[in-house]
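Welcome! Below you will find a protein model to explore, and the report after it walks through some of its features one by one. Keep the structure open while you read.

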Amino acid sequence: MHRELHGSVIANLFLILFIGVADHQLIAPLLPAMAASLRVSVSAIGLLVVVYSLAAAGAALVVGAWSDRSGRNSFLTVALLVFSLSSFATSYAQNLGGLLLCRTLTGMAAGVLSACSIAYAGDYFAYEIRGKALGYISMANSAAVVAAVPVAAYVADSLGWQKNFLGLAAVGLLVSALNFLSMPRLLPQGWDDEMSSGAAPDKAPPDWIPSGTARRFLSRPDIIACMAIAFCVSGGIVGAMTYAGAWMHVQFRVTTRTIGLVFLAGGLLALVGAALGGAAADRYGKRSVAIVSSLLLALALALLPFLPWSSLPVAVFALANFAAAFRQGPVTALMTELVPKRGRGAFIAMRNVASQIGIATTALLGGILFERFGYSGVGILCTALTLVVVFLLKTRIQEPLGTRGAMRREEVV
């Protein structure tokens, strides 16, 4: 593992995550235009989100474990090519069926990109600097929101919604070339010892992770806790953000343009939070920083629904974005160290599935609560989920021991 921050690796992984998140985020502003263009309802276009998420989860589960055996590089390159081709095809889709097929393929590619890029970062960077590395990489989430939504809306109004996907296809090809040419190729677990001994790598090492990986992972209480943390982390923040705009409009009659500016402010502060959180995690401990930032997020989410409209709720909303981004690097770095390298891809894929389920569940429950109790119901739900994260981090997760990041853990063999 490397104990220095290599800018080219961070930049490549940043770009990989950026295009995946941007592709997902730009659907929201394009929904009305896509529905009008294809002459279908907005709810029918909403199926694009469903098939995308299911495809991403399924592909991540399969390829995550496969990449533990074969290495991450080739899967990242192939997924970027599939992403580009499916985005190109999306721009020429003439009906809903064709669009659903294209988005399914794009979702599969995005699921592979998410799982393999995080696993690659866990393989490449030593634990003592991994928080900072993943903090910089996770800035892609906020950067994509800040950049993708306004740009997608402008391009759709000026050139048509299809041109957004042509642009993504071109960027995907560029990132694929960069990944192929400049990313260090990491050998799977088991090859390192063979290569250092001078043996010819003419066959796969025998110590591959067995087919019962998921079952063995889920026999460990800390891994079960990680799945619950992933569920609550994603569900808590996405649920709160999903209904924040509707709350501002319904409760205070805020215009769409103003809501966009509020989200922009939150996204910009999240960029700062992601960078600072990773650096703080490496200095003060991933677990401690994750707990403190989760408590700050819970406080912001609990207060937000009860504030009158002024600059104060805007500041608290931005604070929630900052705290959520501040937590991202520490939590991700901590989770990547819980399993051996040869099981990391499978574990990250399982974690991503838990995150997707958390998002879907909280979005559904949040909609029901918003209709019955307003945004206060959503705030209580998301605050509770965030406090569950604090409890699980405090009681179920151990910080790795020693200055070199070694930790006591069961080998999954």
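## Cysteines and disulfides

How many disulfides does the structure hold? The number is 0, where a disulfide is a pair of cysteine sulfur atoms within 2.5 Å. In general, a disulfide is a covalent bond between the sulfur atoms of two cysteines.

Cys102 counts as buried because its relative accessibility is 10%, and Cys232 is buried with a relative accessible area of 6%. Here buried means under 20% relative accessible area, exposed means over 50%, and partly exposed is in between (1.4 Å probe, protein chains only).

## How to read this model

This is a predicted model, in which local features need pLDDT of at least 70 and side-chain atom pairs count only at pLDDT 80 or more, while totals for chains, interfaces and linings use all residues. Residues are numbered from 1 along each chain as its sequence is written, and side-chain values use heavy atoms, with hydrogens and water left out.

## A nonpolar patch on the surface

Now turn to the surface. Val78, Val82, Leu101, Leu105 and Met108 form a nonpolar patch there, with about 410 Å² of accessible area together. Helix H5 (73-90) and helix H6 (96-124) are the elements that give two or more residues to this patch, and H6 gives the most, with 3 residues. Val82 is found in helix H5 and is partly exposed, with a relative accessible area of 32%.

A few terms need explaining. Patches are made of residues with over 30% relative accessible area and no salt bridge; like charges are joined within 9 Å, and nonpolar side chains (Val, Leu, Ile, Met, Phe, Trp, Tyr) within 5 Å. Accessible areas come from the Shrake-Rupley method with a 1.4 Å probe, and for residues only the protein chains shown count as cover. Helices (H or I, at least four residues) and strands (E, at least two) are DSSP runs, numbered from the N terminus.

Side chains of opposite charge can pair when their charged atoms come close. This structure holds 7 salt bridges, each a side-chain nitrogen of Lys or Arg within 4 Å of a carboxyl oxygen of Asp or Glu. In one of them, Arg103 pairs with Asp23, and the closest N and O atoms are 2.8 Å apart. Arg103 lies in helix H6 and Asp23 in helix H1 (residues 7-25), so the pair ties together parts that are 80 residues apart in sequence. Are these two partners buried or exposed? Arg103 is buried, at 1% relative accessible area, and Asp23 is buried too, at 0%.

Asp123 forms a salt bridge with Arg344, with 2.6 Å between the closest N and O atoms. Asp123 is in helix H6 and Arg344 in helix H15 (residues 344-373), so this pair connects parts 221 residues apart in sequence. Asp123 and Arg344 also belong to a network of salt bridges that includes Asp68 and Arg72. Another salt bridge joins the side chains of Arg130 and Glu337 (2.8 Å, N to O). This pair links distant parts of the chain, with Arg130 in helix H7 (residues 127-159) and Glu337 in the loop between helix H14 (311-336) and H15, 207 residues apart.

## A buried arginine without a salt bridge

Next, look for Arg287 in helix H13 (residues 286-303). Arg287 is buried yet has no salt bridge, and the nearest side chain of opposite charge, Glu399, is 6.1 Å away. For charges, Lys and Arg count as positive and Asp and Glu as negative, while His and the chain ends are not counted.

What does the side chain of Arg287 reach? It reaches the backbone oxygen of Leu393 at 2.8 Å.

## Two loops with a positive phi

Most residues other than glycine have a negative phi. Arg39 has a positive value, near 60°. Arg39 sits in the loop between helix H2 (27-38) and helix H3 (42-45) and is exposed, with a relative accessible area of 76%.

Arg253 also has a positive phi, of about 60°, although it is not a glycine. Arg253 lies in the loop between H11 and helix H12 (256-284), and counts as exposed at 64% relative accessibility.

Note on methods. A polar contact is a pair of N or O atoms within 3.5 Å; within protein, one must be able to donate a hydrogen and the other to accept it, and residues adjacent in sequence count only if both atoms are side-chain atoms.
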